[in-house]
Each structure stands twice: as C-alpha cells, then as structure tokens.
Amino acid sequence: MRRASALSDAKIDLPAADLEHLRMPDLEALRRPFSTHKPRILILYGSLRQVSFSRLLAMEAKRLLEHFGAEVRVFDPSGLPLPDDAPVSHPKVQELRDLSEWSEGQVWVSPERHGTLTGIMKAQIDWIPLSVGAVRPTQGKTLAVMQVSGGSQSFNAVNAMRLLGRWMRMITIPNQSSVAKAYQEFDGEGRMKPSSYYERVIDVCEELIKFTLLTRDISDYLTDRYSERKEEAVKAVNLKAM
C-alpha cells in the first residue's frame, strides 16, 4: 500500500464516515510516469447531411489533434441503429463501442437542433454503455465538446453534451467551441476559414491534448471513490458469509 500523503495532520471528527475507507490524497499516485504512445482520440459528430458542418468541424479538429501528436479516429454514424432497436452485436454498435474503449479522450461535435444536440448525436452516446459489469468504459476519459449553429451563437448543445459527459463520468475540459452561422465559416473545399471561431477550435484541441496527457495514466486513481470502496467492501463481506 502506498504511503499516505502528509497533506494534513489535523484531527477532524467525522462520525458519519467509515475511516477504514477514507484515504488522504496520495501525491505519489499523481506522479506516475507518462505513457509515450500517442494520445488516442475518438471524434463523434451529429449529422448525416451531405453537407454536414458538424462533420467538417470534426475533420478540422482531427487535423489539429494529429498536429498536436494524437492518433485520431472519426466514427461515421451512418447506419447506426436507434438505441434498443438492434442488438449490441450489430456491427455499427460494436464498431462504436470498440472505438470508445480504445480511446483515451473524445471530441463530441453536434449541430444544435430544437435547442439541443441532435438525435443522431444522442444515439451515439446512448449506445456507449455507462457500465459493463464492473467496468465503466468512459470513466476517466477526457472529453471536449463543440457545436455548430445555423444562426446566432448558442451554447445549448455544448451545455447538453457537458451534462452527458458528466453522466458518463468523463473529464470534460473547461474550454469549448460554438461556431455560429457555420455556413459562412467554411470555404468551397470544406476547410474552415481563419476567424476567432477557428482560433477557439485550436484552443479546444490544444487543451484536450494537455488534459489527456496529464490524466490518462492516473485516471483510475482520479476516479477512485470513497463510496465505491465502501460498497465493494460490503459486497466482499456478504460473499464471504454466503
């Protein structure tokens, strides 16, 4: 067992806590050696239109992330069935789940439709399980959120995706991107024009890489929780008594 960090020597009375499972932060656990492989980033986008600005923005993010040293894969949602309308063995579902498991960080890019993310975006997130047995496939992975709008700038979709990321127990980075009047922000080749919107996309990708590098080797420690340690101890006692 690691030596407990000497961050505090105060004697605090905590009668409602089980001290056996209450642990001080361990500084050594936060200083593990960095992995040397490229950060693995999965990008999801939320539109199937032939001219999809969320897909174009996703591809811009892909180029930037690769520039920053990441290995990037982009999931094509075409052919993905609605949640619960097909078995998990469906090839597109398995592809999505395998990519999510492979990733160390993700980028979610959605248009805003009816004041929130699209159903296509939500279906992809819904097919990624919150838990598989004792494993939580997205827990501790980093997440960046971006949206495109046909009109004035809005943050409804990114706010909704932040909520979902928190529910999936992901580490959602502080920065985000919302591209207003997206039809004006891309040229005839599908590349994003220079603008303050593009600069924010760069900011988001740069920040995502930093957070991924910082947390990927210690995500298991960062997501180790008192309540879950206590619950597992109770289960172990009950199994032993059977």
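Author: Glu-71 is partly exposed at 33% relative accessible area (buried is under 20%, exposed over 50%, partly exposed in between, with a 1.4 Å probe and protein chains only). This is a predicted model, where local features need pLDDT of at least 70 and side-chain atom pairs 80 or more, while totals for chains, interfaces and linings use all residues. Residues are numbered from 1 along each chain as its sequence is written, and side-chain values use heavy atoms, leaving out hydrogens and water.

The partner of Glu-71 is Arg-73: they form a salt bridge with the closest N and O atoms 3.4 Å apart (a Lys or Arg side-chain nitrogen within 4 Å of an Asp or Glu carboxyl oxygen). Arg-73 is partly exposed too, at 35%. By that rule, the count is 14 salt bridges.

Another one pairs Glu-60 with Arg-63, at 3.3 Å between the closest N and O atoms. Both sit in helix H1, three residues apart, about one turn (helices are DSSP runs of H or I, at least four residues). Arg-63 is partly exposed at 36%, but Glu-60 is buried at 1%.

Now over to Asp-224 and Arg-229, whose salt bridge has its closest N and O atoms 2.8 Å apart. Asp-224 is partly exposed at 35%, whereas Arg-229 is buried at 14%.

Note on methods. Helix = DSSP H or I, 4+ residues; strand = E, 2+ residues; numbered from the N terminus.
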